[in-house]
Amino acid sequence: MQPFSYKKAGQAENAVALVTPDAQASYLAGGTSLIDLMKLNVQNPRELVDINPLPLSKIEMQGNGVRIGAMASNSEVAYNPIIQERYPVLAEALLSGASPQLRNMASVGGNLLQRTRCYYFRDTAFPCNKRVPGSGCPAIEGYNRIHAILGGSDRCIATHPSDMAVALVALDAVVQTRGPRGERSIPLVDFHLLPGETPERETVLEHGELIVAVDLPALNFARRSHYLKVRDRASYAFAMTSVAAALDIQNGIIRSARIALGGVGTKPWRALEAEKVLLNKPANQATFQAAALAAIAGAKPQKYNGFKVELAKRTIVKALATVGGMA
């Protein structure tokens, strides 16, 4: 780990003012991802600005929706009665990730910004376009079992690791930020970027821009939702595939649907084509299978992760069938 300076911020405006002038400064929240990467010399901020004192941890009703403060811990959100009742898919996604100790520390804002678990990104002995733009992507010709089949480019095929973000994308969440140019609202579906030619740029955030909250709109049928995660072992493992699904079913017909995928995309993947297939169709196995085909239609598997195509389709069908069977 490289030497760094440390400062503590008392207000959001103060935090932004401390980080913005220095391109090598970073916010420190729970630190569950950043500190790991600092130990590996993958990230080497010159200055850390501690935002734990900021009053950004409330989870409260706002209009007909819910606002989640960016400093709320993953555990606080997962066990919040409002979230469990209105947005069970989010609670399930959070509880499927990491370990209890990490969930107690990890923040909502930090979860959205966590970096990929690509082996090559995390090992500085290898080149990586995310770490050093233009140096290459060894995953494309290397061992790519955990990598993306959707949204990749010839510069990067790393998956986004968050479970929480997958559920939030399905729930039409909106990220609230405060930065050097003021406040803005960013739909989560637009928050993360595809790698394209610039895989080192992972979100639309500007340097110094601080996540202050995540808003969940009123989505009544989100009560009928589920998060299904398939992984190599039962706990503390990242998704090979995952699905966040919510269905509005009236008299056996699907009137609205939300589907997002994890473990298969370079960003939390909203399956819009699958949602279109489900609309105004009967909630049955044939419909769910058609939606799964639509969701994975653009997949580009690599040498070692071709199994993810079939695995993702089966995960989608099972998640939809589970939601479709809810009372």
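## Helix H14

Lys308, Ala312, Thr315, Ile316, Val317, Ala319, Leu320 and Val323 are the buried residues of H14. This is a predicted model, so read everything here with that in mind. The partners for that buried set come from several places: strands E9 (225-230), E10 and E11 (253-262), plus helices H12 (272-278) and H13 (285-295), all pack against the buried residues of H14.

The helix itself covers residues 307-324, which makes 18 residues. From the first C-alpha to the last, H14 reaches 26 Å, close to the 26 Å expected at 1.5 Å a residue. Arginine 314 counts as exposed at 58% relative accessibility, while glutamate 310 is partly exposed at 37%.

## The nonpolar cores

Now for the inside. The largest nonpolar core has 41 residues, and the members that touch the most others are Ile68, Ile83, Leu90, Leu112 and Leu216. Two or more residues come from each of these elements: strands E5 (65-69), E8 (210-216) and E10 (241-250), and helices H3 (74-78), H5 (88-95), H7 (108-113), H10 (164-170) and H11 (188-191). H10 gives the most, with seven residues. There's a second, separate core too, with 28 residues, among them Ala271, Ala291, Ala292 and Ala299.

Leaving aside residues up to four places away in sequence, leucine 112 touches His160, Met164, Ala165, Leu168, Val175, Leu188, Phe191, His192, Ile211 and Val214.

## Helix H5

Helix H5 is worth a look of its own. Six of its eight residues are buried, so H5 is largely enclosed by the rest of the structure. The buried ones are Pro88, Val89, Leu90, Ala91, Ala93 and Leu94. Leu90 turns up again among the residues that touch the most other members of the largest core.

## Salt bridges across the chain

In total, the structure holds 19 salt bridges. One of them joins glutamate 13 to arginine 178, with the closest N and O atoms 3.1 Å apart. Glutamate 13 sits in helix H1 (residues 12-19) and arginine 178 in strand E6 (residues 174-179), so the pair ties together parts that are 165 residues apart in sequence. Both ends are partly exposed: glutamate 13 has a relative accessible area of 49%, and arginine 178 has 23%.

Aspartate 172 counts as partly exposed at 26% relative accessibility, whereas arginine 270 is buried, with a relative accessible area of 14%. The two also belong to a network of salt bridges that links Asp172, Arg258, Arg270 and Glu275.

## Two asparagines with positive phi

A couple of backbone angles deserve a check. Asparagine 251 isn't a glycine, yet it has a positive phi of about 55°. You'll find asparagine 251 in the loop between E10 and E11, where it counts as exposed at 82% relative accessibility.

Asparagine 280 has a positive phi as well, at about 65°, and it isn't a glycine either. Asparagine 280 lies in the loop between H12 and H13. With 46% relative accessibility, asparagine 280 counts as partly exposed.

## A nonpolar patch on the surface

Last stop, the start of the chain. Met1, Phe4 and Tyr6 form a nonpolar patch on the surface, and together they have about 310 Å² of accessible area. Methionine 1 belongs to the segment before strand E1 (5-8). With a relative accessible area of 47%, methionine 1 is partly exposed.

Technical notes
Residues are numbered from 1 along each chain as its sequence is written. This is a predicted model: local features need pLDDT of at least 70, side-chain atom pairs count only at pLDDT 80 or more; totals for chains, interfaces and linings use all residues. Side-chain values use heavy atoms; hydrogens and water are left out. Patches are made of residues with over 30% relative accessible area and no salt bridge: like charges are joined within 9 Å, nonpolar side chains (Val, Leu, Ile, Met, Phe, Trp, Tyr) within 5 Å. Accessible areas come from the Shrake-Rupley method with a 1.4 Å probe; for residues, only the protein chains shown count as cover. A salt bridge is a side-chain nitrogen of Lys or Arg within 4 Å of a carboxyl oxygen of Asp or Glu. Helices (H or I, at least four residues) and strands (E, at least two) are DSSP runs, numbered from the N terminus. Buried means under 20% relative accessible area, exposed over 50%, partly exposed in between (1.4 Å probe, protein chains only). A nonpolar core is a set of buried Ala, Val, Leu, Ile, Met, Phe, Trp, Tyr and Cys residues joined through side-chain atoms within 4.5 Å. Contact means heavy atoms within 4.5 Å. The expected span of a helix is 1.5 Å times one less than its number of residues.
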